[in-house]
Every structure is written in structure tokens, then in C-alpha cells.
Amino acid sequence: MDIKNKSLDELKLLCEDIRKRILDVVSHNGGHLSSNIGAVELIVAMHYVFDAKKDPFIFDVSHQSYTHKLLTKRWDKFSTIRQFGGLSGYTKPSESEFDYFIAGHSSTSISLLVGAAKAIKLKNEDRLPVALIGDGAMSAGMVYEALNELGDRKYPCVIILNDNEMSISKPIGALSKYLSQKMAEPLYMNFRNFIKDFVSKNLPDSASYLAKRFEESLKLITPGLLFEELGLKYIGPVDGHNLEALIKTLKTAKKLNKPVVVHAQTLKGKGYNYAEGFDAKWHGVSPFDLKSGKSFKKTGKKSATAIYSLNLLNLAKKHDNIVGVTAAMPTGTGMDALIEAFPERFWDVAIAEQHAVTSMAAMAKEGFKPYITIYSTFMQRAYDQVIHDCAIMNLNVVIAMDRAGIVGEDGETHQGAFDISFLNAIPNITMISPRDEVSFKEILDYSYRHKGVLAIRYPRGSFILDNEFKPCEIKLGKGEILIDKKANISFLGYGNAVGKAYKVLKSLDDDINLIDLIFAKPIDEELLLDLANYSKVWYIFSDSAKKGGLLEIISAFLQEKEIFDVRIKSFEYDDVFITHGNTNLVEDSLGISVDKIKNFIQKDKILHNKPNLKNF
């Protein structure tokens with residue numbers, strides 16, 4: 001959409017249309033709402049001042065990029081956002097030439113900006129990288145690593161800081177607000193540069209020193225001190241919903257030919273009363289009624305997150321050495337209840353997974369029992385800390401990984417597919433997963449007694465099983481045979497996938513053994529050796545990647561024990577990044593839905609004929 005020839009009034013009307021379009025689609029599809037309707041004017045101004053065809057537009061996290069999508073040839077297709085086969089909820093270069101880089105995890109934008117700026121300089125091109133980053137993303141250390149280099153190298157670029165949640169450094173009074181607004185004007189910039197040049201050329205050192213101190217005194221009452229001290233030019237704060245002010249400020253930043261931070265203050269949920277302000281429930285929403293703001297989502301079974309939260313809270317009441325942390329996801333992980341009940345023992349450390357893990361490692365060293373509660377996909381960010389700060393010393397730490405497995409509409413960057421694979425290789429790590437609500441309680445009770453690093457994975461939403469089987473006492477490295485028919489066919493399940501295995505089993509009119517592995521590391525060698533005596537065809541059910549997953553773990557065990565007459569088929573995820581969309585549709589596309597698995601087994605005729613030596 002070419003907006004550069006539009007008048008200011010036309011741009012304002014466009015912003016209204018964009019906001020209505022986002023509200024209409026998100027109320028039907030679900031998605032990220034408050035961050036998107038709060039950034040409409042910012043992104044329209046970006047497209048008006050900069051050239052999206054050549055300038056890298058880099059969106060941090062990118063869940064606030066809906067306006068960008070609407071402005072770049074995706075208005076009509078926008079109704080498919082986050083749907084299977086439709087638009088991604090994040091920037092995605094394979095989807096559009098206007099999406100510079102994929103994003104889904106926080107705080108990568110400034111590093112990307114620096115890399116793009118380096119490349120542009122080496123190629124001697126007339127392009128200017130622009131990054132839009134929210135103030136919440138500024139809490140991650142990676143941002144400061146990038147700012148540190150950028151302040152030293154001085155590559156031309158523009159960083160737009162969308163301040164909508166927590167002020168990094170609040171302005172002090174009316175004078176500061178007035179000065180900050182004036183600093184955003186070209187007149188101030190020109191005057192400042194003129195004075196600087198004049199003083200350096202014509203006045204003695206003492207006068208130059210006084211002029212520099214005067215300028216620094218202005219910085220002290222503005223929010224830009226941090227950026228200025230890092231070597232970046234700071235402009236702001238500017239009203240992030242005032243198009244005229246935004247356009248004027250961004251034009252100024254564009255002309256400076258240096259790294260510039262534009263601080264824009266916006267209101268989350270702008271234009272929709274129910275979502276305005278800081279209310280975490282409007283960040284990511286399920287379909288809802290636009291008029292009332294009420295969700296269409298039906299209340300059903302208790303979620304795994306709620307089960308974890310309730311049982312950990314009960315444990316924390318019994319044991320005062322239990323502490324815990326989450327990284328900017330207190331509501332999503334259920335840790336908000338614990339932070340409220342025990343504010344001195346449970347913390348939200350913002351988007352800082354590395355710090356979260358290492359700080360809890362020190363608490364474990366001091367005799368506390370930490371529960372580090374982070375989404376599976378975000379635990380990838382703290383891999384080194386798990387090894388270096390927890391596993392090597394074999395500290396008594398619990399790593400609780402929510403959202404393990406397919407998470408649906410969030411897509412490639414958020415799927416909890418890899419935690420088994422990347423944790424399995426680490427010594428001193430024990431991996432466990434509950435199959436239902438009751439077993440989850442048993443596992444959490446066990447977790448307090450466990451010595452060493454314990455990683456628990458559990459799904460988004462509710463468990464498939466509804467406590468159909470009585471739990472056994474949890475013992476280290478021991479699985480459980482839930483159905484023992486002494487049959488040739490065995491279903492081996494791990495975690496929530498035990499429920500899928502049970503659903504497939506019930507749909508087949510054959511004798512099948514059902515095993516809950518409970519532990520992925522260490523596996524129950526005694527159980528598997530006994531099973532191999534009479535069961536020669538094993539199916540693996542696990543909501544995880546096949547590479548490094550349960551198939552490889554169990555295959556390695558059988559080979560080590562020189563058991564060559566057991567054949568294995570795994571219904572884990574193949575070597576692929578999993579797309580976004582309804583979980584059932586995604587599983588069906590991967591060939592691992594209940595119906596697809598049932599059809600596979602029936603067509604292979606394994607249940608009705610003696611297995612041959614065919615590899616599968």
C-alpha cells in the first residue's frame with residue numbers, strides 16, 4: 001500500500017481502518033491484540049518516512065507487526081492470520097518480501113539491526129535499518145550486548161522504542177516533558193550541533209568543558225541518559241499516537257546519519273476500551289465478542305498450567321525453602337498465584353531466561369529448592385546456564401517447562417518440540433512428564449524429594465487423559481504398565497502423548513500393551529527388557545522431535561543390550577519446523593493425528609499378521 005502521497009488526515013483515517021480491521025479479525029481468530037492496536041500509528045509513520053522496499057524493517061518479537069502486514073499486500077488475506085495455511089502471526093520472510101527476518105522470541109532486533117547495518121556499510125548501499133522494539137524486550141541482556149557495540153561502531157540506524165508497559169526511565173515533571181518534546185524538533189538538533197561545533201572550534205577547553213556539563217545536565221532530567229551514555233542519539237519521548245509528531249521525529253532521526261533511539265510512548269490496546277492499559281489477558285486472546293469483550297472460549301477441563309500452579313502453591317505452603325522464578329510469563333505459567341502468595345520467595349525477572357536459571361542455581365547452592373518455570377520454547381535461550389550453572393554441580397533445581405509439544409497458532413518459533421532432544425545429552429539431568437492431573441500431582445510431590453536437576457515437561461491446555469488410570473508411586477527411572485495384555489504390540493507413551501496412545505488403542509480391536517514411560521531419562525531398563533521378551537513391535541508416542549527424542553533413546557538402549565528382534569515405529573515429529581494453526585490440523589498434516597496413526601497401523605496389517613522384517 002503506497003501511503004507516501006497521503007495527507008495527514010488521510011493517514012489518520014487509514015489508522016482508524018487498520019485498527020478496525022485488526023479488531024475484527026482478532027476477535028474472530030484470536031491473536032495478539034493490545035500490542036497491535038497500540039502500535040498502529042507507529043508503524044504507519046515508519047512506512048511513511050522509511051522505504052519498506054529497501055530499508056530493513058525489523059520487528060522485535062514481531063507479534064505487534066499486524067499493521068505492517070496490512071500495509072504490505074496482505075490486507076485481503078489478513079482474515080487468515082494464525083490459521084492453518086494462512087498468514088503467520090509473526091514476521092516471516094517466506095511469506096512476504098517485506099518481512100526482513102523471522103521473529104517470535106524477544107530481544108533479537110537490535111542485534112539484527114547491527115548486523116544489517118554492517119552489511120549495508122560493507123556493500124556501500126543507500127539503505128537504513130529500522131527496528132521497532134517494545135520496552136519489555138529491553139529487559140533482556142542480548143539487547144545491551146548489541147547496544148554496546150552499536151554505540152561504539154556508530155552505524156547509521158533507527159531504533160524505535162515502543163514504551164507501552166513499563167517506563168525505562170520516567171520523565172520528571174513538566175520541565176522534562178517540555179525539554180524532551182523540544183529535543184525531538186529539528187530546530188533543537190540543528191542548534192545543538194551548531195553550539196557543539198562552535199564551542200569546540202572557538203572556545204578554550206574550560207568553556208568547552210562547561211558546555212559539555214550543561215548538555216549533560218539536560219540529559220539527567222530526560223529519559224535518554226542510558227542511551228546517550230552508550231553512545232546513541234536519543235530523541236523523545238514523543239506521543240506514539242500523534243502521527244504528525246511521529247513523522248516529524250522519524251524524519252529528523254533519518255537525517256542524522258548515526259544510531260538514533262526514538263522513544264515513543266503508546267497506550268496498549270489503544271482504541272478498544274476493554275484492552276486499554278496494562279491487562280495481561282488482552283496481550284494474546286482467544287476469539288471474543290467485540291461488543292462485550294467476553295471470550296467465546298468455553299471453560300472445560302483444568303489446564304496443565306493450572307494444575308501445576310495449584311500443586312506447587314500447596315507444596316510451597318508446606319516447605320518454606322521452595323522458591324521460584326519465571327521470565328515475563330507470570331500469568332501464562334501460573335506463577336502469578338505464587339508471586340501473590342509469597343512475593344519474597346517467587347519472582348518474575350522479566351525477559352531474562354539466562355539470569356532466571358543462574359540466579360536460581362545460586363539459591364539451590366544456598367539450600368533452597370528452586371522451581372524455574374519457563375515455556376519449553378524459551379528454555380532454549382538458557383541452554384548454557386542449564387549446563388554450566390545447574391548440571392555440572394548437580395544442583396537440586398526443578399525446571400518446569402510449560403507449553404511442551406505443539407502449541408497451535410503461534411507456529412515455528414513457539415513449538416515446544418526440542419526440550420527432550422537438547423536436555424537428553426546433558427549429564428545429571430533427569431527428565432519426567434505427567435500423563436494426567438493426578439500423575440502431575442504425584443510428580444510434583446516427587447520433585448521436592450528429587451536430588452539433582454529435574455526437568456518436567458507438560459502441555460499447553462488440558463491433558464488428553466482424564467485420570468483413567470490410578471497413579472503409581474513415583475520412583476526414579478521407573479515406568480508403569482497401564483495395560484498388560486502380554487501382546488505382541490506395545491504402545492510406549494511419554495507425558496501427554498500417553499493419552500493419544502490410549503485413544504488410538506481404544507479405536508483398534510486388538511490386544512495392545514500400554515506403557516507410560518514416566519521418565520525419558522533414565523528410562524526403565526528393567527521394564528523394557530521384560531517387555532522385549534514377549535512384545536516385538538513397539539510404537540512410540542511423544543509430543544516432541546524425533547531427532548534426539550524417545551525413538552533414538554530407546555533404539556540406543558535396545559542396541560546396547562543387543563536386542564535386535566524388536567522393531568520400533570515412532571509418532572514423534574519428523575525433522576521439520578512445525579507450522580502454525582489449529583493443533584488438530586497441524587497434527588493431521590504431520591501424519592500423527594489419532595486417525596492418521598490408526599490408519600497407518602491398520603494398513604500395515606501389523607495387528608493381524610506376524611511381523612516380517614520390513615523396516616518402518
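# Contacts, packing and burial in a predicted chain

Within the chain, 75% of the contacts with a separation of 6 or more are between residues 24 or more positions apart; contact means heavy atoms within 4.5 Å. The model is predicted: local features need pLDDT of at least 70 and side-chain atom pairs count only at pLDDT 80 or more, while totals for chains, interfaces and linings use all residues. Residues are numbered from 1 along each chain as its sequence is written, and side-chain values use heavy atoms, with hydrogens and water left out.

Me: What makes up the chain in terms of helices and strands?

Reply: The chain has 24 helices and 19 strands. Both are DSSP runs numbered from the N terminus, with helices (H or I) requiring at least four residues and strands (E) at least two.

Me: Why are H20 and H24 called oblique to each other?

Reply: Helix H20 (residues 497-507) and helix H24 (residues 594-604) have axes that come within 10 Å and cross at roughly 50°. Axes are lines fitted to C-alpha atoms, for helices over the stretch in contact, and angles run from 0 to 180 degrees between N-to-C directions. Angles under 35 degrees count as roughly parallel, over 145 as roughly antiparallel, 65 to 115 as roughly perpendicular, and the rest as oblique. A crossing at roughly 50° belongs to the rest, and H20 and H24 are therefore oblique.

Me: What is the handedness of the crossing of H20 and H24, and which residues meet there?

Reply: Lys500, Lys503, Val504 and Ser507 of H20 meet Val594, Ile597, Lys598 and Ile601 of H24. Sorted by class, this contact holds four nonpolar, one polar and three charged residues. Nonpolar covers Ala, Val, Leu, Ile, Met, Phe, Trp, Tyr, Cys and Pro; charged covers Asp, Glu, Lys and Arg; the others, Gly among them, are polar.

Me: How is the packing of helix H12 and helix H19 described?

Reply: Two packed helices are described by the angle between their axes and the distance between the axes. For H12 (residues 304-318) and H19 (residues 437-449), the angle is about 35° and the axes are 10 Å apart. Their crossing is right-handed. The contact of H12 with H19 has seven nonpolar, one polar and three charged residues; among those from H12 are Ile307 and Leu315, and among those from H19 are Phe440 and Leu444.

Me: Why does valine 386 count as buried?

Reply: Buried means under 20% relative accessible area, exposed over 50%, and partly exposed in between (1.4 Å probe, protein chains only). Valine 386 has 1%, so it is buried. Of the 616 residues of the chain, 55% count as buried.

Me: What makes aspartate 320 exposed, and where is its place?

Reply: Its relative accessibility is 62%, which falls in the exposed range, so aspartate 320 counts as exposed. Its place is in the loop between H12 and strand S8 (322-326). The C-alpha atoms of aspartate 320 and lysine 369 are 9.1 Å apart, although 49 residues separate them along the chain.

Me: What is noted about the backbone at proline 237, proline 522, arginine 82 and asparagine 428?

Reply: Most residues other than glycine have a negative phi, and most peptide bonds are trans. A cis bond with omega about 0° joins glycine 236 to proline 237, which is in strand S5 (residues 233-239). The bond from lysine 521 to proline 522 is also cis, with omega near -5°. Arginine 82, not a glycine, has a positive phi of about 70°; with a relative accessible area of 6%, arginine 82 is buried. Asparagine 428 likewise has a positive phi of about 70° and, at 37%, is partly exposed.

How values were computed. Left-handed = near helix turned anticlockwise from the far one by under 90°.
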